[in-house]
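Subject: Structure handover

Hello,

Here is the structure I promised to pass on. Please open it alongside this email and follow the residues as they come up.

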Amino acid sequence: MRTNSLRRRLRVEHLEGRDVPAAVVTALVNGSLFVIGDVNADTITISQAAPGQVTISPGAGTTVDGLKVPVTRSFLGNLVIRLGAGNDNLSFDLFRPITLPGSLVIDYGTMGMGTKTTTTTNAGQFDLRVAGGLGIRYAAGQVTTTLDNLVVGGNALVVHGAGDSVLTFDNLGGAGQFSSIGRNLTVINTRGMAENNLLDTNVGGNVTFTNGLARASDNAAGSTTVKNANNAARATIGGNLVVSNLTGDSATGDTVGDVIVRGSVGLFLGSGAFRAAVADAAVTAAPVSIGGNLIVRGAAAGEDTVALGAGGTGLKVGQNVSAITGSRNAAITMDDLSVAGNTAVFTGAGADTVAIDGAAAAKGSTFGGSFTLSTGPGADAVTINSGSASSATTVFNRAVNVSLGLGDDSLHLATAGKVRFDAPIPLPVVFDGNAGMNTKMVTTGNLVGRHPTFLHFA
């Protein structure tokens, strides 16, 4: 009996389960409102019923200033939201407009893993307006950012830690409505499959996407898309557009459409099987317009697919075009491409294909300056107006130097539509097959102006 009594006294009683809610607190410092989360899963929604204030509504399992009901705070400066580690969810409710008097800073810190979501909800006729700049920083983890109807007066900076990320800036207001960033947009991805989407958005300055190492498990690099989803009018980038990729494979790759870029465009494809397309699958009927240079460059070990222009839509470049592919098989297409300056295309080793105005809907390309094409070792194929676009005319206004590298190469010239060579003498118009069993197919009746010189073809 004593033993049983002792066992009863030593028995550990089970306590009732208690879930500790995520605690978000607010603080007003020098006119700016700070919204601070903890290491638990913070879920809050920001809305606005009147200017100069915001309402912070806690989601399930979250309190704001110790309350489970919405809390309204007034401020005149910046809105700084720091949610820290954990699986956090932050949303901006655009059932009514939100206008912030200063900058918007969203900081998830640099420590700890977690799934982070930053979104707008109920986006329609109203905007999320930020008078100053926008800054978003994520720690390592899987993150999603979707900000619709965004209007930022200053710069916008988004930094992702290691992990997969999806970033989308868009406008859902309908035809003629664009999101806007007044100055520069910079997006930095550290490592992982990064999907970047800049849709229906005007940017006053430069746009820079820096994508780091691909996802380690499968070498997936993600994609970067700059185009429209809803607008028939082109968006505008006031400065340069640069997209760089360090490593990885991507069948989607980098896509630019529906946009006027006042400066230059640089697409740096990295080491991997990667695709780059300018004026691809556009929503608008107008061509992509680039005021400066267009540079597309693959890494030494890259396997690149490059499409410049699209049949019926087109691409206009105000200065020079340069395309350099990696050492593996490359495919380059140029349709409805208008270049005011010089064009230079260089491919590496491998079986490379270069096709100009080969699309069925192509209307023809014009190369205003000198045109240089050099392929590396391998069985390369070059076709110029030799697809199915019989009504197209391809025009070369200055010198033409086409040099096919070592290997058994082929040239198809003007077998579908007309090709015009307007280079004045003594500028060269030369197609050189170099060493190898090289073949050519030329429809002389479709050649206009000077006839080229063919070297080292059977």
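Please note that the model is a predicted one. Phe457 is at 15% relative accessibility, so Phe457 counts as buried.

Aromatic rings

How many aromatic pairs does a search of the whole structure find? The count is eight. One of them joins Phe421 and Phe431. That pair is edge-to-face, with 6.1 Å from centre to centre and 80 degrees between the planes. Phe421 belongs to strand S45 (residues 418-421), and Phe431 belongs to strand S46 (residues 429-432). The pair therefore ties together parts that are 10 residues apart in sequence. Both Phe421 and Phe431 are buried.

Phe454 and Phe457 also form an edge-to-face pair. Their centres are 6.5 Å apart, and their planes make an angle of 85 degrees. Ring pairs link Phe367, Phe371, Phe396, Phe421, Phe431, Phe454 and Phe457 into a cluster.

The charged end of Lys440 sits over the Phe454 ring. The distance to the ring centre is 5.4 Å.

Salt bridges

Side chains of opposite charge can pair when their charged atoms come close. Here the count comes to eight salt bridges.

Take Lys116 and Asp88 to begin with. They form a salt bridge, and their closest N and O atoms are 2.9 Å apart. The pair links distant parts of the chain, 28 residues apart. Lys116 is in strand S11 (residues 115-121), while Asp88 is in strand S8 (residues 88-93). Are these two buried or exposed? Lys116 is buried, and Asp88 is buried as well.

Now look at Arg215 and Asp164. Their side chains meet in a salt bridge of 2.7 Å, N to O. This pair also links distant parts of the chain, 51 residues apart. Arg215 lies in the loop between strand S22 (207-213) and strand S23 (222-227). Asp164 lies in the loop between S16 and strand S17 (165-170). Arg215 has a relative accessibility of 23%, so Arg215 counts as partly exposed. Asp164 is partly exposed because its relative accessible area is 22%. Which residues make up the network around this pair? Salt bridges link Asp164, Arg215 and Asp218 in a network.

Another salt bridge joins the side chains of Asp422 and Arg420, at 2.8 Å from N to O. Asp422 is partly exposed, with 33% relative accessible area. Arg420 is partly exposed too, at 31%.

Paired strands

Strand S2 (residues 32-36) runs parallel to strand S7 (residues 79-82). Four bridges join S2 and S7. Leu33 stands opposite Leu79 in S7. S7 also pairs with strand S10 (residues 104-107), again in the parallel sense and over four bridges. There, Leu79 stands opposite Leu104 in S10.

Two buried strand residues

His160 lies in strand S16 (residues 156-162). Why does His160 count as buried? Its relative accessible area is 1%, so His160 falls under the 20% limit. Leaving aside neighbours within four places in sequence, His160 is in contact with several residues, among them Tyr138, Val143, Thr145 and Ser165. Its contacts also include Leu167, Val187, Ile188, Asn189 and Thr190.

Val207 lies in strand S22. Val207 counts as buried because its relative accessibility is 0%. Not counting residues up to four places away in sequence, Val207 touches Leu185, Leu198, Ile237, Asn240, Leu241 and Val242. Asp380 gives a sense of distance. Val207 and Asp380 are 173 residues apart along the chain, and their C-alpha atoms are separated by 35 Å.

Over to you.

Best wishes

Technical notes:
Residues are numbered from 1 along each chain as its sequence is written. This is a predicted model: local features need pLDDT of at least 70, side-chain atom pairs count only at pLDDT 80 or more; totals for chains, interfaces and linings use all residues. Side-chain values use heavy atoms; hydrogens and water are left out. Two strands pair if DSSP finds at least two bridges between them. Buried means under 20% relative accessible area, exposed over 50%, partly exposed in between (1.4 Å probe, protein chains only). Contact means heavy atoms within 4.5 Å. A salt bridge is a side-chain nitrogen of Lys or Arg within 4 Å of a carboxyl oxygen of Asp or Glu. Rings of Phe, Tyr and Trp (its six-membered ring) pair if their centres lie within 6.5 Å; planes under 30 degrees apart count as stacked, over 60 as edge-to-face and the rest as tilted. A charge sits over a ring if NZ of Lys or CZ of Arg is within 6 Å of the ring centre and within 35 degrees of the ring normal.
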